[in-house]
Every structure is written in structure tokens, then in C-alpha cells.
Amino acid sequence: TKELEKIPGVITPGNFSRNEHTYHLYIIKITEQFAKKRDKVFSELKNHGIQVTVHYKPLHKFSAYKKLAKISELLNNSKRIYNEILTLPFYPGISKKEQDIVIKNLKKLNN
């Protein structure tokens, strides 16, 4: 988190004490200050073998709800946040070296 916070355009999850959060996912935001859009960051990290994903698709984007979402044009916050979020690899056995590879690649993509 400390290294990721140094990258302009990256917002890390809030700083919670170990007693308050389980962090089963590590989701960052790629904001407009980052050199590339989230989708480009996603594909380039994947091309470098980094298993990133995107979680929390807004409900109105699921086909089952599209017919029911009569106000989808009003859901600007959901749309914006969905286009910014990126789930980084995160699991109990992730090594410092693997973390550094993710950080290095994010920094490289922001140049």
C-alpha cells in the first residue's frame, strides 16, 4: 500500500487496522491522473502475466437487470467507479517479490 500510494492516479483501499478489515480482495482505483485508462492498465498487466481482475460490476450492467434498470442513465457514480476499479493479485502466500513486480509494472504504465 505504501508504494502504491506514491503512484499518481492510484487510490488504494482505506487504511484500516488489522482488526477492522479482512482484505479478501485488494481493489485500487485508476483515476484520470494515471497516464492510461483502467482497461489499458488491465490488459497490459495481463500481458505481463499479472492476474488482475475487475470486481463489483454494477447491477444495471447485468443482462438480468437491464430490463429492470429504468434509471441507468442516472447511475453516474456507479459507472465512473466501475471504470476505475482494478483488483490486484492478493492472497496469503503472495511474496514481496511478486508484490514488487505488480508495483514496478504499475509505475512503468504510468510513464
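Here is a quick tour of the fold, its strand pairing and its surface.

This is a predicted model, so to speak of local features takes pLDDT of at least 70 and side-chain atom pairs count only at pLDDT 80 or more, while totals for chains, interfaces and linings use all residues. Residues are numbered from 1 along each chain as its sequence is written, and side-chain values use heavy atoms, with hydrogens and water left out.

The protein has four helices and three strands; helices (H or I, at least four residues) and strands (E, at least two) are DSSP runs, numbered from the N terminus. Reading from that end, the order is β-β-α-α-α-β-α.

How enclosed is strand β2 (residues 26–30)? Four of its five residues are buried, so the strand is largely enclosed by the rest of the structure. Buried means under 20% relative accessible area, exposed over 50%, and partly exposed in between, using a 1.4 Å probe and protein chains only. Across the 111 residues of the protein, 32% count as buried.

As for the surface, the accessible area comes to about 7900 Å², and carbon and sulfur atoms hold 54% of it. These areas come from the Shrake-Rupley method with a 1.4 Å probe; for residues, only the protein chains shown count as cover.

Finally, contacts (heavy atoms within 4.5 Å): among those between residues at least 6 apart in sequence, 64% join residues at least 24 apart.
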